[in-house]
Amino acid sequence: MMSLASYLIISLILFVVGLMVMISRKNIVAILLGIELILNAAALNFVAYSRYVTNNLDGHIFSLFIIVIAAAEAAVGLAIVIRFFQIKETIHVDEATQLRN
Amino acid sequence: MEYTVGSIAPIFLSPVIAFVINAFFGRKLPRQGDWLATLSIFVSFIFSARIFGDFVFGQFATDYYIHKVFTWFDLSYGTQIYKIDMGIYIDNMAAIMLVMVSGVATLIHLFSTWYMDHDEKHGRFFVFLPLFTSAMLGLVLSDNLFSLFIFWEIMGFCSYSLIGIYNKKEKAGDASLKAFMTTRVGDVFLLLGIVALWTTLGSVNYVDIYAAIAEGKFLGQTVLGISFATFTALCIFLGAMGKSAQFPLQVWLPDAMMGPTPGSALIHAATMVTAGVWVSLRMYPLMVLGDITWFIAVIGAITAFGAATIAVVQTDIKAVLAYSTLSQLGYMIMGVGVGSYNAAFMHVITHAMFKACLFLSAGSIIHSVHEQEMPKLGGLRKFLPYTHFAMMCCTLAIAGIPFFSGFVSKDRILGDALYYGFMAGQNPLLAIVPILGFAGAGLTAFYMFRMMFMTFYGENRTHHDDHGHGHGHHDAKGHEAHGHDIHHEHLDVRQNVPLLILSVFTLGFWFCGTLTGQSFGKVFGAKTEWFKVLVEAPRVERFVNHPRQEFSKVDTKEAAHLEHAHYHHQTGYAGPNPDEHKLHSAHTIGAIASIIIAFAGVFLAFLMYIKGSVKPWASKFPGLTKVLQNKYYFDDFYIEVLIKKGLLGLNRGLAWFDMGIYDRFAVDGWAAVNRVLFKSAKWFDNVVVDAIGVDGTGVAVNLFNLVLRIVQSGKIQFYFIMLIMVLASYIWTVNI
């Protein structure tokens with residue numbers, strides 16, 4: 001029998017991995033991947049709590065929203081990355097300095 | 001007859017219109033608009049004559065008056081009333097005065113068109129002449145002291161302009177300034193009196209003042225320790241003294257002859273100087289209430305006598321006339337003072353007629369001969385027959401010869417003065433009033449005939465000197481040169497007709513209705529003594545609760561019974577006089593005495609200047625002659641003592657105050673205060689606003705910036721770390 005804790009542990013692992021990816025990688029696509037991982041960790045948390053604690057569909061609906069938002073976010077983010085690449089010919093995050101100064 | 005504003009206003013407005021047109025377009029008009037000025041005054045005369053004929057010859061109540069008012073401005077608050085009404089007030093006296101002023105002014109204008117012909121100041125003269133006349137007409141029409149004061153000041157300005165019209169002559173400029181400044185002394189007091197009346201009564205309407213006197217509103221009020229009535233009466237009389245050139249303020253009038261002679265005629269006869277007598281007559285109840293009639297009588301007597309003595313030694317023909325004006329004004333004022341209201345006003349009218357004629361005659365002489373020093377004239381009656389005739393009539397009138405107007409009016413004043421001085425139970429010192437009056441009458445006869453004899457009789461002296469102008473110098477109208485330097489006079493409409501018309505009115509019966517001025521020899525029958533019937537001191541009781549008539553109201557005069565006015569010789573009010581027989585005997589004695597005195601004066605002049613059997617006394621009394629020639633040193637006294645010692649010192653003191661105190665401490669001190677304020681303001685601005693406020697904001701922002709710059713590195717992963725740390729710390733805090 002899977003307990004709530006195991007879901008939370010998986011979710012935690014996903015979150016931490018995503019965070020580490022976000023922080024340590026300089027590739028924008030990788031950062032977007034990290035964000036996806038964090039969002040998924042959060043969605044997993046919602047579903048797990050919904051299943052084990054509140055026992056209704058709120059968490060499910062929330063996770064659906066998260067998935068939709070993640071998809072939209074990925075679309076927008078990738079579009080920005082493509083434009084960024086067209087201008088700078090790189091997707092290194094430290095090259096994004098136009099707003100500086 | 002009906003009286004609307006439209007039938008009264010043209011009296012005043014038509015000369016004003018002529019003034020405006022002449023002032024702005026006079027140069028473009030033919031003859032510089034002198035015909036327009038003359039015509040405008042004639043229009044005034046027509047309208048005045050209508051009122052005059054109705055008031056004087058209609059069978060109407062003696063106390064009928066037209067009074068129309070509108071409120072000019074109203075400063076009332078609470079229960080106090082402070083308002084200025086403007087309006088028209090015409091009673092019998094005003095009707096007579098209007099026709100006199102406009103009639104005499106018409107003739108003077110007509111004469112001026114001849115006199116000022118080809119003069120460089122022709123146009124300018126005919127700008128001020130109608131304004132002057134209109135101001136006098138407005139003064140006579142006005143129903144309150146305030147509008148009277150306005151016209152009074154317009155006349156002051158006009159006399160200033162007319163006296164100084166030859167502005168390239170320094171003496172003319174000085175004389176005009178002198179006239180203006182001397183009358184100003186009186187005007188200040190007049191204004192003070194008006195303001196005092198206004199603040200106490202709330203109105204300066206004649207009608208309201210009369211009503212206030214009747215209601216006793218003056219009683220119990222004091223100003224500066226003297227009774228309010230005395231104070232205001234004295235102030236108003238001092239104003240009248242300035243305008244009518246009475247004793248201490250007489251210095252300006254003789255100098256006023258610096259202007260053209262017709263201008264002098266207007267000033268001396270019809271307009272300026274009679275204004276003072278006019279206001280004294282209008283405010284007569286106030287003078288009586290204020291108990292200053294004795295003062296008025298004494299001032300008048302001093303002026304009448306003093307001016308006559310000066311006139312005796314003058315050699316300039318206009319100066320003699322100027323001093324005779326002063327003297328006659330003294331009689332008028334004396335008449336006001338001794339309570340002969342009616343005769344004083346009659347003297348205003350008769351004097352205006354003969355003095356205008358005298359001045360115009362003098363103008364005729366001066367214009368024909370170009371000489372006004374009498375020792376250089378003489379024998380002119382052959383050359384100037386019409387002028388001679390007119391001037392002789394007027395001289396007879398002013399000298400007080402029976403059958404002439406001056407006898408009628410002056411004799412009545414003198415008779416009343418005699419009664420006032422000796423029989424009315426007054427202070428015995430007041431006997432000086434009739435004594436000076438009779439002495440002045442004798443001197444008047446003497447000096448006027450001296451002038452006549454020196455000018456028109458004897459040998460012609462004009463050719464002896466080189467001073468006279470060249471042969472045919474002023475031959476404008478094609479007069480033939482005759483004799484020496486003089487053109488023989490032909491009858492000229494503009495030169496002689498005004499003189500002849502005026503000389504007709506030097507006859508006495510026009511004014512009193514009898515040939516002699518006494519009760520026998522009636523000419524007009526039932527209309528006899530119309531003057532005495534119609535002119536009386538205002539009976540103040542009538543004015544209590546008078547209805548206020550709107551300006552647009554049409555007055556309709558209704559026939560009423562003609563009643564005789566009686567005089568109370570102390571108050572001037574109607575009523576039986578207990579001293580009737582005494583008064584009658586005073587008048588009889590006065591008449592006989594003045595006839596004797598007048599003939600004595602004429603005879604003495606005859607002996608001295610025609611027969612030559614009596615040497616002129618100038619050589620016998622050199623000291624006195626010198627005093628008189630210097631006009632009792634009044635001019636010197638005013639200039640040397642009052643102005644140089646008093647006024648200049650005061651001015652210097654004021655200048656010191658102005659420069660030393662006011663300028664140094666107030667102005668400069670204020671500058672110093674401002675400088676300190678400015679410095680502190682500058683410090684505040686620099687330090688507080690600029691350094692702390694403006695720069696401080698910048699510095700603070702800069703400091704924040706230093707911190708924020710570390711945080712806002714632009715490294716996105718650093719932001720993530722920060723974000724996570726903040727979230728973590730948040731959770732951490734919440735959990736604890």
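In this predicted model, helix α1 (residues 4-24) of chain A and helix α25 (residues 716-735) of chain B have axes that come within 8 Å and cross at roughly 145 degrees. On the α1(A) side, A:Leu19, A:Met22 and A:Ile23 take part, and they meet B:Gln717, B:Phe720, B:Ile721 and B:Ile724 in α25(B). Sorted by class, the contact of these two helices has six nonpolar residues, one polar residue and no charged residues.

The contact between the chains draws on seven residues from chain A and seven residues from chain B. On the side of chain A that touches chain B, four residues are nonpolar, one is polar and two are charged. The table sets out the class counts.

| Group | Nonpolar | Polar | Charged |
|---|---|---|---|
| α1(A) with α25(B) | six residues | one residue | no residues |
| Side of chain A touching chain B | four residues | one residue | two residues |

Turning to the nonpolar cores, the largest has 217 residues, of which B:Leu98, B:Val104 and B:Ala356 touch the most other members. Helix α15 (residues 341-369) of chain B gives the largest share of this core, 18 residues. Once its neighbours within four places in sequence are left aside, B:Val104 is in contact with B:Ala269, B:Ala270, B:Ala352, B:Met353 and B:Ala356. Another core, of eight residues, lies apart from the largest one and includes A:Leu14, A:Phe15, A:Leu37 and A:Ala48.

Helix α3 (residues 92-115) of chain B, with 24 residues, reaches 34 Å from its first C-alpha to its last, close to the 34 Å expected at 1.5 Å a residue. This helix, α3(B), is mostly covered, with 24 of its 24 residues buried.

Note on methods
Residues are numbered from 1 along each chain as its sequence is written. Chains are lettered from A and ligands numbered from 1 in the order in which they are written. This is a predicted model: local features need pLDDT of at least 70, side-chain atom pairs count only at pLDDT 80 or more; totals for chains, interfaces and linings use all residues. Two residues are in contact if their C-beta atoms, placed from the backbone, lie within 7 Å. Ala, Val, Leu, Ile, Met, Phe, Trp, Tyr, Cys and Pro count as nonpolar, Asp, Glu, Lys and Arg as charged, and the others, Gly among them, as polar. Axes are lines fitted to C-alpha atoms, for helices over the stretch in contact, and angles run from 0 to 180 degrees between N-to-C directions. Helices (H or I, at least four residues) and strands (E, at least two) are DSSP runs, numbered from the N terminus. A nonpolar core is a set of buried Ala, Val, Leu, Ile, Met, Phe, Trp, Tyr and Cys residues joined through C-beta atoms within 7 Å. A residue is buried if 20 or more other C-beta atoms lie within 10 Å of its own, exposed if 12 or fewer, and partly exposed in between; C-beta atoms are placed from the backbone. The expected span of a helix is 1.5 Å times one less than its number of residues.
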